[in-house]
Amino acid sequence: MDNGYFVGWGTLALINAGIAQGKNRSGLNWFLLSLVCGPLATFFLVISDKR
């Protein structure tokens, strides 16, 4: 299996955690959710309002 896929998925999860913290949400929760859902979690995070 290609290791680049896993590196990209992990990088996306870290980016999502940073975006979540910028929106006053739990970075850890969004990181873990991103590991499972990936781009779908990014979509929901981007369309959500800042708290």
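Leu-33 is in contact with Gly-38 and Ala-41, once neighbours within four places in sequence are set aside. Leu-33 itself lies in helix 2. Its relative accessible area is 36%. That value falls between the 20% and 50% cut-offs, so Leu-33 counts as partly exposed. Asp-2 lies elsewhere along the chain: Leu-33 and Asp-2 are 31 residues apart in sequence. In space, their C-alpha atoms are 22 Å apart.

These values come from a predicted model. The mean pLDDT of the chain is 91. A value of 70 or more is reached by 98% of the residues. Confidence is lowest in helix 1, where the mean is 92. Confidence is highest in helix 2, residues 27-37, with a mean of 95. Where pLDDT is low, predicted coordinates should not be read in detail.

Leu-33 also takes part in the packing of helix 2 against helix 3. Two packed helices are described by the angle between their axes and the distance between those axes. For helix 2 and helix 3, the axes come within 6 Å. They cross at roughly 135°. On the helix 2 side, the contact is formed by Trp-30, Leu-33, Ser-34 and Cys-37. On the helix 3 side, Pro-39, Leu-40, Ala-41, Phe-44 and Leu-45 take part. By class, the residues of this contact divide into 8 nonpolar, 1 polar and no charged.

Helix 2 also packs against helix 1. The axes of helix 1 and helix 2 come within 8 Å and cross at roughly 145°. The crossing is right-handed. Helix 1 contributes Trp-9, Gly-10, Ala-13, Leu-14, Asn-16, Ala-17, Ala-20 and Gln-21 to the contact. Helix 2 contributes Gly-27, Trp-30, Phe-31, Ser-34, Leu-35, Val-36 and Cys-37. The contact of helix 1 with helix 2 has 10 nonpolar residues, 5 polar residues and no charged residues.

Two residues of this contact can be examined in turn. Ala-13 lies in helix 1. Its relative accessible area is 0%, which is under the 20% cut-off, so Ala-13 is buried. Ala-13 touches Phe-31, Ser-34 and Leu-35, with residues up to four places away in sequence not counted. Ala-13 and Phe-31 are 18 residues apart in sequence. Their C-alpha atoms are 5.0 Å apart in space. Val-36 lies in helix 2. Its relative accessibility is 66%, which is over 50%, so Val-36 counts as exposed. Val-36 and Trp-9 are 27 residues apart along the chain, and 9.5 Å separates their C-alpha atoms.

The remaining pair is helix 1 with helix 3. Helix 1 spans residues 3-22 and helix 3 spans residues 39-47. They pack at an angle of about 15°, and their axes are 10 Å apart. The angle is under 35 degrees, so helix 1 and helix 3 are roughly parallel to each other. Their crossing is left-handed. In helix 1, the contact involves Trp-9, Leu-12, Asn-16, Ile-19 and Ala-20. In helix 3, Pro-39, Ala-41, Thr-42 and Leu-45 meet them. The contact residues comprise 7 nonpolar, 2 polar and no charged.

Leaving out residues up to four places away in sequence, Thr-42 touches Leu-12 and Asn-16. Its relative accessibility is 19%, which is under 20%, so Thr-42 counts as buried.

Asn-24 sits in the loop between helix 1 and helix 2. Its phi is near 60°, a positive value in a residue other than glycine. The relative accessible area of Asn-24 is 48%, which lies between 20% and 50%, so Asn-24 is partly exposed.

Conventions: Residues numbered from 1 in each chain as written. Predicted model: local features only at pLDDT ≥ 70, side-chain atom pairs only at ≥ 80, totals over all residues. Heavy atoms only, no water. Axes fitted to C-alpha atoms, helices over the stretch in contact; angles between N-to-C directions. Helix = DSSP H or I, 4+ residues; strand = E, 2+ residues; numbered from the N terminus. Parallel < 35°, antiparallel > 145°, perpendicular 65-115°, else oblique. Left-handed = near helix turned anticlockwise from the far one by under 90°. Contact = heavy atoms within 4.5 Å. Nonpolar A, V, L, I, M, F, W, Y, C, P; charged D, E, K, R; others polar. pLDDT = per-residue confidence, 0-100. Buried < 20%, exposed > 50% of the residue type's maximum accessible area, 1.4 Å probe, protein only.
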